[in-house]
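This briefing goes through one protein chain by topic. Keep the sequence and the coordinates open while reading.

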Amino acid sequence: METTLLLIAGLGALAIGVSRIVKRFVPEIVVFLALGVLIGPDGPVRLINSANVGSLNLVTQVALGAIIFRIGDRLRVQDLKGARRLLIPLNLGQLLLTGGAVFIGTLALGADVDVALLLAIIASETGVLTVTATISELRAEGTLTRTLLSSVALSNVAVAALFGVAFPFILAASGEASGLAETARVFAVIVAGSILIGLVCGRALKAFASSIESSGELLMLLMVVVTGMVGAAIYSGASVVASTLIAGLYIANAAPWVADRLFAAIGTIEAPIYLIFFIVAGAGIHLDELTTFGLLGAAYVVARAAGKLLGSALGGLAGGGRAGALMGARTGLGLLPHAGMAIALVAFVVEQAPGLGERVSTIVLGSIVVFELLGPLFTRAALRQSGEVNGGDEQPLAGELGLRGAHAFQRVLVPIGARATVLPRLGFLLDLIASMEAELVAVHVSPPGGERVDGRPEILRLVEAAAAERGVACRSVHATSEQIAHTLVTAAEEHAADLIIMGEPSRIPFLEQTSWGQVAQRVIRDASVPVLVYPVDPEHPGSVPDIYRLSSNV
């Protein structure tokens, strides 16, 4: 084991050096994979044997879990709602056409129905790590990048759910299940077990991460939880991919202010994760799988590629016309990599039903050799065609953006909440707005069933009086809603505010269940104007730094 790690460290350094030379032509993960194949048990050098690969499998499982967890960032409900007109038809198209083409193609060439069904489900998977590594390497950013990452996440969620529901019945139909009880057990392990593990670990992260300020401690907590989650999934027979994906999905939607810090923490260790994962993955590739691939395997590759490309293009056409079709076609190219969860699903089938697994594994694992070596090339090509490489280098230079002129703020929106939070800072905020010679739009949002909309709350009257003393023009807005962030963004649009100033927690009290920070994060994300945030300590909202007290008390 010690020799293996030293060997991988040395070869990793070599891989990084080679990838720097050829990265203009070949994605660096292909270099990592090729190096793994070269030194693996089936390669010509054979510096790593099967035992070494097996001993490193747990490391790669944790690496996979960490990256899959981060995919939850692309499954925020609010973001998906905004892009649903394109994402829903695009992904329905590619999932249905991929599954349908693989099922019909393999069935026509002699596969049994149960084998064809499993192949159809597994073929819809996309290699998460391969896609994210390619995007990270190219520093791609833009509409296609966001669409591709969201599609990868949606595809794998759909595959995990469909496999969990369908496999027990396929197992029963194949005759390899011992009965109804065994079928129910398998279903419970895959679906219920993965959901339970993911939700429990996501809840733990939400509870504990909010009280941590140091990024190092946050990363340590995250890796402890991810390692425990992967261990629990492996021990119980649940899905590592499904468990970590559910945890990421939960934290992204239940605690977005915590999720942003967690996802950023993973981003700091992405590069070494990709290096380790793909070298070990390459060493685990069995080139002899291609010799037994046969006509059925070739049909699987062709049908899957055609389904991803045509399905995405047709779905994009339905959701966004010609521009959507082009976006769909490029997304389909990016979705071609095939690994991660597909390998995990095949391993699960082999464990639960050896006879069925043997018939499926040869085809899927052989295709993975093809898609992992060629898929990154197509993903890279799609991103380059979109002009989103290096954050969109085609954007105009700063000097051409008209930055020489000054921007004057006309109206500033300030959410007015509790007295204890607002009043200690009000003098400072009013002086700041007065220095801009702007008008204050003071917005107070009451929960349903509280103050009447036609009656002004006392806090608004205090703000209006203080603004009059400072000579600041002020208009007050009172609304009743449970959706505070949406109400604030709407008020900014209706009153033509060109700046929003609001508070956000500097830290969250240990284990406190609070919506602090969630409103600010959503306003920052959804507002079309700049948002200036000042820190508030939720435990002592009336306590402010001395700078706030330079103005006279209100």
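The points below run from overall make-up to single residues.

This is a predicted model, in which local features need pLDDT of at least 70 and side-chain atom pairs count only at pLDDT 80 or more, while totals for chains, interfaces and linings use all residues. Residues are numbered from 1 along each chain as its sequence is written, and side-chain values use heavy atoms, with hydrogens and water left out.

**Overall make-up**

- The protein has 21 helices and five strands; helices (H or I, at least four residues) and strands (E, at least two) are DSSP runs, numbered from the N terminus.
- Buried residues make up 51% of the 554 residues, where buried means under 20% relative accessible area, exposed over 50% and partly exposed in between (1.4 Å probe, protein chains only).
- Of the contacts in the protein with a separation of 6 or more, 81% are between residues 24 or more positions apart; contact means heavy atoms within 4.5 Å.

**Nonpolar cores**

- A nonpolar core is a set of buried Ala, Val, Leu, Ile, Met, Phe, Trp, Tyr and Cys residues joined through side-chain atoms within 4.5 Å.
- The largest nonpolar core has 86 residues, and Phe69, Phe163, Phe167, Leu262 and Val364 touch the most other members.
- Helix α9 (residues 143-174) supplies the largest share of this core, 12 residues.
- A second, separate core holds 21 residues, among them Leu430, Ile433, Leu460 and Ala466.
- In soluble globular proteins, nonpolar side chains tend to be buried together.

**Parallel strands**

- Strands β1 (residues 411-415) and β2 pair in the parallel sense over five bridges; two strands pair if DSSP finds at least two bridges between them.
- In this pairing Leu413 stands opposite Val441 in β2.
- From β1 the chain crosses through helix α18 (residues 419-435) to β2, and the β-α-β crossover is right-handed; that is, with the strands pointing away from the viewer, the path from the first strand over the helix to the second runs clockwise.
- β2 also pairs with strand β3 (residues 474-480), in the parallel sense over seven bridges, and there Val441 stands opposite Arg475.
- In strand β2 (residues 439-446), eight of eight residues are buried.
- In a regular strand the side chains alternate between the two faces of the sheet.
- On one side of β2 the buried residues are Glu439, Val441, Val443 and Val445, and on the other they are Leu440, Ala442, His444 and Ser446, so both faces are covered.

- Helix α6 (residues 84-108) has 25 residues and should span 36 Å at 1.5 Å a residue, which agrees with the 35 Å between its end C-alpha atoms; the expected span is 1.5 Å times one less than the number of residues.
- The buried residues of α6 include Leu86, Leu90, Leu95, Thr98, Gly99 and Val102.
- Thr98 lies in α6 and is buried, with a relative accessible area of 0%.
- Beyond residues up to four places away in sequence, Thr98 touches Ala123, Ser124, Arg304, Gly307 and Lys308.
- Ser124 is in the loop between α7 (113-123) and α8 (128-138), and counts as buried because its relative accessibility is 5%.
- With the same exclusion of residues up to four places away, Ser124 touches Leu95, Thr98, Gly99, Ser155, Val159 and Lys308.
- Just after α6, Gly110 takes a positive phi of about 105 degrees.

- Most residues other than glycine have a negative phi, and most peptide bonds are trans.
- Glu437 is not a glycine but has a positive phi of about 55 degrees; Glu437 is found in the loop between α18 and β2 and counts as exposed at 73% relative accessibility.
- Ala496 has a positive phi near 55 degrees; Ala496 is in the loop between α20 (484-494) and β4 (499-505) and is partly exposed at 45% relative accessibility.

**Cysteines and helix α21**

- A search of the whole structure finds zero disulfides, a disulfide being a pair of cysteine sulfur atoms within 2.5 Å.
- Cys201 is buried, with a relative accessible area of 14%, whereas Cys474 is partly exposed at 26%.
- Gln521 is found in helix α21 (residues 518-526) and, leaving aside neighbours within four places in sequence, is in contact with Trp257, Asp260 and Glu504.
- Gln521 and Glu504 are 17 residues apart along the chain, and their C-alpha atoms are separated by 8.5 Å.
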